[in-house]
Amino acid sequence: MTLVAIVGRANVGKSTFFNRIIGKRVAIIDDKPGVTRDRVYGQCTWNECTFSVVDTGGLTFITEDELSNKVYFQMRQAIAEAAVILFFVDVLEGLLDVDKELAGILRRLGKKVIVVVNKVDNAMREQDSYQFYNLGFKEVFFISSIHGRGTGDLLDAVTNELNCTGEEPVNDEIIKVACIGRPNVGKSSLINALLGSKRVIVDQLAGTTRDAIDTNFSYDDQEYCFIDTAGIRKSGKVQESVERYSVMRAKEAIERADVCLIVLDGEAGIIEQDKKIAGLAEKAGCACLFIVNKWDKVFRETQTRHKFKEHVLAEFKFMKYALVHFVSAMTGENVLQIFPLIDQVAGHRATWLKTPVLNQVLQEALARRPAPVHKGLQAKIQYVVQAAIKPPTFFLFVNDPRLVHFSYLRYLENYFRNTFNFAGTPIKFVLKKK
């Protein structure tokens, strides 16, 4: 779709406006400047016109700061893709040198630029806004992102410039893949390696990624939506409000994902926080892949990979169904092999089995190991049906659900796993009284 880019220096209200027009709290908002760093995409519909919009990080033009340079690179990528550029400035701080410098860059692009003077909450502030005509652009709009003042007129002007289409249908064939893990395990580097471009900012500073960054990508005729998330630390160590929101976005990404790439640090090893993060993916019913990153830095003896795989499955006993894959996001080693693994586990998560086949396997399992007797009473499992997919969910009809111990349910799960191919995906059994 046609793209509209929102650019400007830090703390002028770009993310507030972005969230307002897409109708969701996607970009993190905070009074602290420089919260947004990566490109954050969304979709806006106005007057039956649907278009994409991208929020960008605030510019500082501090060339000595490597992170600021990376934010600037992300902004340049956004405006290169955009048909219309919304240049945000702040009426309270007035016209600054940074605004003039960015205006010079935008003028040389030859693209449609609309100046948006934000925080104009009343008529008195509007009087102070006319100074921004000095930037040299024809169209200047006065708005308030927080209160919505003037945003309708601005969106009218935007849609008049665009070749609009109706709302795009949702593609159910897209596999949503969330990349999760604790800080500094290489999630953003892995996303960039998968996409083959510098889509998200990578920095040695822990906590560089803040928003959940969605990127649509096609590989071998399969559509994916990769979601880069912020590193999830122990809740007791999360103090800043920005990090709290980042963790919330990461957990929301897990909830809407089909597949979770749980990134582990092959050099530093497994810690307790890795297990808690994996537990979030398991609870959400996602198909899971353990991605052991930084494998190029591990001294490899004979059977090193096999031993580490056994170590991973031993540490994550509650997720022995998950697959383990070893990569180096830095060198690209084994990165492309992740795509067929994603397809595999996503397919297993969407498996639908016929009721006669299920009941034949159930009878075999019951014959091999009948349900145990408890206080003279025995559970009688009558039959099984599949109730849902993503993840596969089965209803077991029994005379008294209280007589079925969780250990026997685990036996049935293992038997079904050994019979059918559910590698990489959780499966659920729900007891129903016959």
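This is a predicted model: local features need pLDDT of at least 70, side-chain atom pairs count only at pLDDT 80 or more; totals for chains, interfaces and linings use all residues.
Let me start with strand 11, residues 287-293, and strand 12, which run parallel and are joined by four bridges; strands here are DSSP E runs of at least two residues, helices are H or I runs of at least four, and both are numbered from the N terminus. Within that pairing, V292 stands opposite F326 of strand 12.

Residues are numbered from 1 along each chain as its sequence is written, and side-chain values use heavy atoms, with hydrogens and water left out.

Now to the sheet, which is open, has six strands in the order 8-9-7-10-11-12, and shows mixed pairing, where two strands count as paired if DSSP finds at least two bridges between them. Its edges are strand 8 (213-219) and strand 12 (323-326), each of which pairs on one side only. On average, neighbouring strands of this sheet are turned by 25° against each other, direction ignored.

Helix 9, residues 304-315, lies across strand 10 (259-265), strand 11 and strand 12, and runs at about 140° to strand 12; axes are lines fitted to C-alpha atoms, for helices over the stretch in contact, with angles from 0 to 180 degrees between N-to-C directions, and contact means heavy atoms within 4.5 Å.

Finally, helix 1 (residues 14-22) is mostly covered, eight of its nine residues being buried, that is, under 20% relative accessible area with a 1.4 Å probe, protein chains only. Its cover includes strand 1 (3-8) and helix 5 (151-161).

Key:
Buried means under 20% relative accessible area, exposed over 50%, partly exposed in between (1.4 Å probe, protein chains only).
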